[in-house]
Amino acid sequence: MKKCIVISDSFKGSLSSIEIGKIAKESVGKFFPDCEVITIPVADGGEGTVECFLEALGGNEIKGTVTGPLSEKLKAAYGVIGDMAIIEMAAAAGLPLVKDKKNPLITTTYGVGEQIKAAIEGGAKRIILGLGGSATNDGGCGCAAALGVKFLDSNGHEFIPSGGTLKDIVSIDISDCQTILSGVKVTAMCDIDNPLYGPHGAAYIFGPQKGADEKMVKELDSGLVHLAEVIKSSLNKDVALMPGAGAAGGFGAGCVAFLGAQLCPGIEVVLDTVGFDDLLDGADMVFTGEGRIDSQSLRGKVVIGVSRRAKAKGVPVIAVVGDVRDDAYGAYDMGVSAIFSTNRLAIPFSEASLRSKTDYIHSFEDILRLIKIFEK
């Protein structure tokens, strides 16, 4: 083995993508000292996205003061790589920021818009926006307002909508925002396909984890229905049923409607940005993985996104995962060559997570030993 690529998702709650890359690189060096090892950390758009991109491509972290989810001031950072800015909405509007004050009726994405504006003022021509881990249900209106979008009520007064006041929007004017975003391409990392509203929409599926009770969920959902109607009447855009519209409290819909963004699976954004297809040239093996591989994985998450591209270039893929579910084996039809679990003792996650690093090392090195047999 002369060249391999390590590109694994994190094992949530136990091993980060960056840690996995470091473990794998060290292990490969033991068995194949002359092997070129390329490590590509991966994040899904939530917390850690900026760190992963900067680890993979270099660049700088830019810190600043922005508006937090409860309209407080806080420090938040984004990444800059050339003329590209990497922004994770969780930095300014993430669920951990509200602590015990969860309330999606009032939380806002305004600070995310402030970060985007700062990045553009700093010269960014491309924005990669991670949608994940939000405390909000404002349809991205807060972010849009920070970028110049005007939301008017029945009295013609401009205001900044939150989840509880979406119902008060009568018209929307995005002309100033279009000027700010002129010449800027916005790509939103989105790994869910939920619509904006309804039983599978933002409020019903994700509202409860953000602090919404049954009554509040209905109110939030009604607000999103109204927002979709006003977007259609004011902007002539129909975003309600668009896959991913319900991401991050409806921010997926807002990204498309207000920012002219493209919603893309997180892994596809990562692969395109790091030039993965070119990196595959000359590679003997790709090592990927995630905490658990199952039928949800087959819908285009990290393992399958990586495997599809590797398959197209004839490069074998080994998936090193925490657990393997019975419905995961369709992965073999999508480019995965072999799947190995690190759960060596067949124990529950609460116990396995305590020994994840050790188990990963031993499992990965067992795979390398097997590969070495066939290279003798």
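This is a predicted model: local features need pLDDT of at least 70, side-chain atom pairs count only at pLDDT 80 or more; totals for chains, interfaces and linings use all residues.
## Overall form

The secondary structure of the protein comprises 14 helices and 15 strands. The C-alpha trace spans about 80 × 45 × 35 Å along its principal axes. The radius of gyration is 22 Å, which agrees with the value near 21 Å that a compact globule of 376 residues would have.

Of the 376 residues, 56% count as buried. Among contacts with a separation of 6 or more, 71% are accounted for by residues 24 or more positions apart. The protein exposes about 16200 Å², and carbon and sulfur atoms supply 51% of that area.

## Helix H12

Helix H12 covers residues 302–312 and is mostly covered, with eight of its 11 residues buried. The buried residues are Val-302, Val-303, Ile-304, Gly-305, Val-306, Ser-307, Arg-309 and Ala-310. In general, an α-helix has 3.6 residues a turn, so residues three or four places apart point the same way. In H12 the buried set includes the run Val-302, Val-303, Ile-304, Gly-305, Val-306 and Ser-307.

The partners of these buried residues include both helices and strands. On the helical side they pack against H10 (266–274) and H11 (276–279). The strands in the packing are S1 (3–8), S11 (285–289), S12 (292–293) and S13 (317–321). After H12 comes Gly-314, whose phi is positive, near 70°.

## Cysteines

The structure holds zero disulfides. Cys-35 is in no disulfide, and the nearest cysteine sulfur to it, that of Cys-4, is 3.9 Å away. Cys-35 counts as buried because its relative accessible area is 11%, and the cut-off for buried is under 20%.

Cys-190 is likewise in no disulfide. For Cys-190 the nearest cysteine sulfur belongs to Cys-255, at 8.6 Å. Cys-190 is also buried, with a relative accessible area of 9%.

## Nonpolar surface patch

Leu-370, Ile-373 and Phe-374 make a nonpolar surface patch of about 350 Å². Phe-374 is placed in the segment after helix H14, which runs over residues 356–373. Phe-374 counts as exposed because its relative accessibility is 68%, and the cut-off for exposed is over 50%.

## Positive phi outside glycine

Ser-71 is a residue other than glycine with a positive phi, near 70°. Its place is the loop between strand S3 (60–67) and strand S4 (73–81). With a relative accessibility of 52%, Ser-71 counts as exposed.

Asn-236 is also not a glycine, and has a positive phi of about 60°. The loop that holds Asn-236 lies between helix H8 (214–235) and helix H9 (247–259). Asn-236 is exposed, its relative accessible area being 70%.

How values were computed:
Residues are numbered from 1 along each chain as its sequence is written. Side-chain values use heavy atoms; hydrogens and water are left out. Buried means under 20% relative accessible area, exposed over 50%, partly exposed in between (1.4 Å probe, protein chains only). Helices (H or I, at least four residues) and strands (E, at least two) are DSSP runs, numbered from the N terminus. Contact means heavy atoms within 4.5 Å. Patches are made of residues with over 30% relative accessible area and no salt bridge: like charges are joined within 9 Å, nonpolar side chains (Val, Leu, Ile, Met, Phe, Trp, Tyr) within 5 Å. Accessible areas come from the Shrake-Rupley method with a 1.4 Å probe; for residues, only the protein chains shown count as cover. A salt bridge is a side-chain nitrogen of Lys or Arg within 4 Å of a carboxyl oxygen of Asp or Glu. A disulfide is a pair of cysteine sulfur atoms within 2.5 Å. The radius of gyration is taken over C-alpha atoms; the globule rule is 2.2 Å times the number of residues to the power 0.38.
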